Amino acid sequence: MESMGKKKPRPRRSFTPEFKAEIVELCQRGDRSVSQVAKDFDLTQTAVREWLKQAERDAGTGDDGLTTSEKDELTALRRENRRLREDVDILKRATAFFAKETR
């Protein structure tokens with residue numbers, strides 16, 4: 001039996017950097033609170049606060065987290081690392097195959 005009042009989780013949405021920058025600017029202006037901006041644009045307060053923190057990091061005034069460019073670089077390096085590991089695995093299997101063939 002389903003419990004009453006339980007909401008379905010909202011599907012994950014993605015937003016453009018321009019949209020996030022606009023939301024951050026609205027919050028930083030001080031005309032409206034974070035909760036009001038989130039409500040007006042049907043966003044979660046948590047998401048808006050995270051965007052604000054990230055904007056501060058990118059500006060060099062935030063905490064010790066990674067900037068957006070550092071996150072992008074880390075993602076690219078992880079992708080390259082994964083590809084190189086796959087290449088090494090293929091080469092190992094090929095070496096083992098040809099070693100068997102020559103015996």
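Is D87 buried, partly exposed or exposed? D87 counts as partly exposed because its relative accessibility is 31%; the classes are buried (under 20% relative accessible area), exposed (over 50%) and partly exposed (in between), with a 1.4 Å probe and protein chains only. The views below show a predicted model, in which local features need pLDDT of at least 70, side-chain atom pairs count only at pLDDT 80 or more, and totals for chains, interfaces and linings use all residues. Residues are numbered from 1 along each chain as its sequence is written, and side-chain values use heavy atoms, with hydrogens and water left out.

**View 1. The salt bridge between D87 and R83 in helix 4.** A salt bridge is a side-chain nitrogen of Lys or Arg within 4 Å of a carboxyl oxygen of Asp or Glu. The side chains of D87 and R83 form such a pair, with 3.0 Å from N to O. Both residues belong to helix 4 (residues 68–102) and lie 4 residues apart, about one turn of the helix. Helices are DSSP runs (H or I, at least four residues), numbered from the N terminus. R83 counts as partly exposed, at 43% relative accessibility.

**View 2. The salt bridge between R93 and D89 in helix 4.** Here the N to O distance is 2.8 Å. R93 and D89 are 4 residues apart in helix 4, about one turn of the helix. R93 is exposed because its relative accessible area is 52%, whereas D89, with 37%, is partly exposed.

**View 3. The salt bridge between K53 and E50 in helix 3.** The side chains of K53 and E50 meet at 3.5 Å, N to O. The two residues lie 3 residues apart in helix 3 (residues 45–59), about one turn of the helix. K53 is partly exposed at 38% relative accessibility, and E50 is partly exposed at 38%. Elsewhere in the model, E25, R29 and D31 are linked in a network of salt bridges. The count for the model comes to 7 salt bridges. In general, side chains of opposite charge can pair when their charged atoms come close.

**View 4. Helix 3 and its buried residues.** The 15 residues of helix 3 should span 21 Å at 1.5 Å a residue, and the end C-alpha atoms are 21 Å apart, which agrees; the expected span is 1.5 Å times one less than the number of residues. V48, W51, L52, Q54 and R57 are buried in helix 3. Among the elements covering these buried residues are helix 1 (17–29), helix 2 (34–40) and helix 4, where contact means heavy atoms within 4.5 Å. Just after helix 3, G60 takes a positive phi of about 85°.

**View 5. Helix 1, with its buried and exposed residues.** In helix 1, the buried residues are I23, V24, L26 and C27. They lie on the same side of helix 1 because they cover an arc of only 160° around the axis, the arc being that of the directions from the helix axis to the C-beta atoms. These buried residues pack against helix 2 and helix 3. The face turned away from the buried side carries the exposed residues P17, E18 and Q28. G30, which follows helix 1, has a positive phi near 90°.
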